[in-house]
Amino acid sequence: MHARPALALAFLLALIPAAQACTTLLLKAKDGAVVSGRTMEFAFDMKSEVIVIPAGTQMKGSLPSGARGISYTTKYGMMGANALGFPVVVDGINDQGLFVSDLYFPGYAGYAEATPENAPRAMASYEFGNWLLGNFATVDEVRAHVQDVVLVSTAVDALGGPPPLHFIIRDRSGKSLVIEPIDGKLIVYDDPLGVMTNSPGFDWHMTNLRNYITLTDQNVAPLHLSNNVTLRPFGQGSGMFGLPGDSTPPARFVRAVAFSQTALQPSTAAKAVLQVFHIMNNFDIPLGLARDKSGNVLHVDYTVWTSVADLQNDRWYFRTYDDQAIHMIDLHTALSATGNKMGFISMNSQQSIIDASTALRAGNQ
């Protein structure tokens, strides 16, 4: 796969620093459904579409030299969001209920050197999601075969180099696995909490949680001092006092654990989908909150889109910065519609505002 944006767009995007603010978490419903949420932050519109890839699709890996690497045929149908027009899933599911999401991992991602010996099993980092979704049904299968491939430093022109990525994989059982490319090797972690953000590495984030073990979902009891002085909390949520609220990866990781661990368990997959969207609101970055300046050029990260995946019913939901309405794609319906060819569904729409001014009902006098 080669970068395909127009040269002018590629030049513009190469000047923009990559975002570092994606967050993902999961909830389990009482009916057994596993529902995953994720935000995609970047400093420009990723031009994402929903890509639908049927089983039986021929795939090839991309090497830094421009040559082809690994070659395989997908066993399973898949769908999810792509980016920059590439035929890859950066966040999505397959028809077996496997979920994969790519998140930025700047300063830590280290890919293997491409060699003639590893070329037949090598691919670009951004192609890894397709290989996982196209070949495996469960987290256990991924764990057993992840070392079969090599990720190499294939650049994306629009990003000015190879995208530094790490990956989270989930399945219908609720298991989560994190895979991080470190010094040319793929390091695998069990993710018992189902949460992931960006740099530093996953093991660092899990250690950092120990700084917040005093947080609780219970309000703090009044404190009784001498001379009949009692100090009471100002309001609800006093047990979470000290929960970090900034947009850095460590703060978002802690916050994602707090929100997912304290969420009341929804009864059904449908209710879980809505609850996850509500939780993901806490990671939404509006234009202007996170910015960086290079010379006279201002770069502003924002939440380009938010997705929720229902692994029980093979549905992928999304909303965008310009349209907060929730859109749903049923994988099996989409695969049936696209037949044996790859297909795309636009994510570009504008928010509609409902005028309820005349939706009056008579009141009692």
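Visitor: Quick one before we start: what counts as a strand here, and from which terminus are strands numbered?
Guide: A strand is a DSSP run of E with at least two residues, and numbering goes from the N terminus. Keep in mind that this is a predicted model.

Visitor: Okay. How many cavities of 30 Å³ or more does the count come to?
Guide: The count comes to 1 cavity at that cut-off.

Visitor: And what volume does the largest cavity have?
Guide: About 230 Å³. It is lined by 19 residues, and those closest to its centre are M46, A83, V90, Y104 and L165.

Visitor: Which strands each supply at least two residues of that lining?
Guide: Two to look at are β2, residues 34-42, and β8, residues 99-104. Strand β2 gives the most to the lining, with 4 residues.

Visitor: Switching to charges. How many salt bridges does the count come to?
Guide: The count is 7. As background, side chains of opposite charge can pair when their charged atoms come close.

Visitor: Let's take R143. Which residues does R143 form a salt bridge with?
Guide: D140 is one partner, with the closest N and O atoms 4.0 Å apart. D190 is another, and there the closest N and O atoms are 2.9 Å apart.

Visitor: Which residues are linked in a network of salt bridges?
Guide: D140, R143, K175 and D190 are linked that way.

Visitor: What does D45 form a salt bridge with?
Guide: K47, with the closest N and O atoms 3.8 Å apart. D45 is partly exposed, with a relative accessible area of 36%, while K47 counts as exposed because its 52% is over the 50% cut-off.

Visitor: Changing topic to helix α5. How many residues does α5 have, and how far does it reach?
Guide: Helix α5 runs over residues 249-262, so it has 14 residues, and it reaches 20 Å from its first C-alpha to its last, close to the 20 Å expected.

Visitor: How many residues of α5 are buried?
Guide: 10 of the 14 are buried, so α5 is largely enclosed by the rest of the structure. Among them are F253, V254 and V257, and also the arginines R252 and R255.

Visitor: What do the buried residues of α5 pack against?
Guide: They pack against β1 (23-28) and α4 (202-208).

Visitor: Last stop, S336. In which helix is S336 found?
Guide: In helix α7, residues 331-338. S336 is exposed, with a relative accessible area of 61%.

Visitor: And how far apart are the C-alpha atoms of S336 and P54?
Guide: They are separated by 8.9 Å, although the two residues are 282 residues apart along the chain.

Methods. Residues are numbered from 1 along each chain as its sequence is written. This is a predicted model: local features need pLDDT of at least 70, side-chain atom pairs count only at pLDDT 80 or more; totals for chains, interfaces and linings use all residues. Side-chain values use heavy atoms; hydrogens and water are left out. On a 1 Å grid over the protein atoms alone, a cavity is a set of points where a 1.4 Å probe fits but cannot get out, and a pocket is an open set with protein on both sides within 12 Å along at least five of seven lines; lining residues have an atom within 4 Å of a point. Grid points are joined across faces, edges and corners, and a volume is the space filled by probe spheres set on the points. A salt bridge is a side-chain nitrogen of Lys or Arg within 4 Å of a carboxyl oxygen of Asp or Glu. Buried means under 20% relative accessible area, exposed over 50%, partly exposed in between (1.4 Å probe, protein chains only). The expected span of a helix is 1.5 Å times one less than its number of residues. Contact means heavy atoms within 4.5 Å.
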